[in-house]
Amino acid sequence: MDSFDRNWRGLQLETLVDLSLTIGGVLSEEELVEELLQRAVGTLDAGSGFVCTLHPGGQEAIVHSERLPQNVEVVRSFFNSHLLEDLAAGEVARALRTTSEPPFELLAAPMLWQQRLVGMVVLADKETREGRAQFTDGDARFLLSMASMVATAVATARRVDAIERERQRLADENRALRGVARREGFVGESPPIHEMLELVRRAAPTGVNVLLRGESGVGKERVAQLLHSFSERAAGPFVPLNCAALPESLLESELFGIEEGVATGVQRRHGKIELADGGTLFLDEVGDLSLALQAKLLRVVQEREFERLGGRERIPVDIHLVTATNRDLEAMVEQGDFRRDLYYRLRVVVVVVPPLRDRRSDIPLLARHFLEMYSERFNRPGLPLSREALAALMDHPFPGNVRELENAIQAAVALAPGDTISVDDLRLEIEDRHSTTTTPGGLVTLEEMERRHIEQVLSSVDGNRQQAARILGIDRTTLYRKMQRFATFDAKRNIKSKESKH
């Protein structure tokens, strides 16, 4: 091997190393095409060059040319009709043209990645000091090496670009979802809320049944509205129904509707299921349905049809069913209080709505949201929270969750005497407000503990005694009796307090 060949091989090796270092960085597909063109033309002393990447279907993606036509079909016409087939097989193609105008000799190498043709590089008319020369077999091998290296980099660039587009799409969807969430009154930026909204974003377009789990007051209905607003049924109706708010006799007609003539003077009335046709039906407190109503709901879920109360006509219905509960449905299934087949039909996707204590960083955002909303409603614009008031909100346990926070802000905006909301204006219930019944060691009696728990549950459901009794696991009669006993206890304690002062 003479010194020229050694120098030439050394130059090729340096070029390949330098090219690998260059394309190892983060380059776009267009930058990679330009890099290959310049290095191939410069290293192999070509008079002209052409690089084209191809889409999976064979259409040209990016084209860069130096003194050759920019059109891939024109360049292909310089070769035989089997050019792409030869390149796809990993072969380097040559073409000699007997014309008076260049190009006279062409060399084409494939850009292959995983046996797939992602592009080609074409060089024409090698030039030396002595004049025009032919491309050697070594030139062909070197061109193939460069093309193969860049082909892998092009595939990587496309994957990175696809990942970035998907990331941007998800970011746009998440921004849109947060915008919808704010319009629906659901505010939050904490990690638990981001995770929940991401699940909502993925579940909403599918139309599958969704079961919302969460404590009372966390905003399950607002999450149901989000599922509806971000679904393909957003233009249809959103029909909510609280299954715990009505006795069974009324709940059945409210849910399924009633036919005319069932009883004297009864007119036909559409139920919630029929009203939700083409949209979303949200059944809150679904665990309160009786077994008889569960069986009827199962038919709606399975057959997508129902009958009105007192009717025989089977009415088809197209609804997206979202249900919610804060009860232990799994335990109810084991105890025979909830149908197992319906349970699995309802919980295709489960969305857990986090309690406010698990997303305390959202309290300032929620407080500001409710402050703006009720300041506008009560015509008190610009009414701020004092630092002490915000600190009190951050420290409060909020057993009633977001509903309790909203009620506190609403009352403060409506009743605050000054131009700033203070701690006293919030009227937050303090845990140790009944400290007169504590023992010398600071412990409370069992009766006092029961009293406080009942009051917290009543506060969390806005005084709804039926819901409170259900949460406490007692019937309403027992709850009323306990409330009367505590009222008598309060009266006696107040009398003793006054006597001790005298």
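Visitor: Leaving aside its neighbours within four places in sequence, which residues is I273 in contact with?

Guide: Happy to start there, with the reminder that this is a predicted model. Beyond those neighbours, I273 is in contact with L255, F256, L281, V300, F306, V317 and I319. Contact here requires heavy atoms within 4.5 Å.

Visitor: What place does I273 have in the largest nonpolar core?

Guide: That core has 30 residues, and I273, L281, L283 and F338 are the ones touching the most other members. At least two residues each come from β8 (238–242), α8 (248–256), β9 (280–284), α10 (291–303), α11 (329–335) and α12 (340–346). With five residues, α10 gives the most. There is also a second, separate core of 29 residues, whose members include L37, V118, L143 and A157.

Visitor: What makes Y374 and F378 a stacked pair?

Guide: Their ring centres are 6.1 Å apart and their planes are at 20 degrees, so this pair is stacked as well. Y374 is buried at 4% relative accessible area, while F378 is partly exposed at 31%. In total, the structure holds three aromatic pairs.

Visitor: Why is the contact of E35 with R39 called a salt bridge?

Guide: The label needs a side-chain nitrogen of Lys or Arg within 4 Å of a carboxyl oxygen of Asp or Glu. For E35 and R39 the closest N and O atoms are 2.5 Å apart, so the pair qualifies. Both residues lie in helix α2 (residues 29–43), four residues apart, about one turn of the helix. R39 counts as buried, at 18% relative accessibility.

Visitor: How do you know that E66 with R67, and R340 with E334, form salt bridges too?

Guide: The closest N and O atoms are 3.2 Å apart for E66 and R67, and 3.3 Å apart for R340 and E334. E66 is buried at 19%, whereas R67 is exposed at 61%. R340 is partly exposed at 41%, and E334 is exposed at 60%. The structure holds 25 salt bridges, and R299, E305, E307 and R314 are linked in a network of them.

Visitor: Why is strand β12 called mostly covered?

Guide: Six of its six residues, 320–325, are buried. H320, V322 and A324 are buried on one side, and L321, T323 and T325 on the other. Strand β7 (residues 210–213) pairs with β12 in the parallel sense over four bridges, with V322 as the bridge partner of V210. β9 and β12 also pair in the parallel sense over four bridges, and here H320 is the bridge partner of T280.

Visitor: What makes the backbone of Q114 and R304 worth a look?

Guide: Most residues other than glycine have a negative phi. Q114 has a positive phi of about 55 degrees, and phi of R304 is near 55 degrees. Q114 sits in the loop between β4 and β5 (116–128) and is exposed at 58%. R304 is in the loop between α10 and β10 (305–306) and is partly exposed at 30%.

Methods:
Residues numbered from 1 in each chain as written. Predicted model: local features only at pLDDT ≥ 70, side-chain atom pairs only at ≥ 80, totals over all residues. Heavy atoms only, no water. Buried < 20%, exposed > 50% of the residue type's maximum accessible area, 1.4 Å probe, protein only. Core = buried A, V, L, I, M, F, W, Y, C linked by side-chain atoms within 4.5 Å. Phe/Tyr/Trp six-rings, centres within 6.5 Å; stacked < 30°, edge-to-face > 60°. Pairing = 2+ DSSP bridges.
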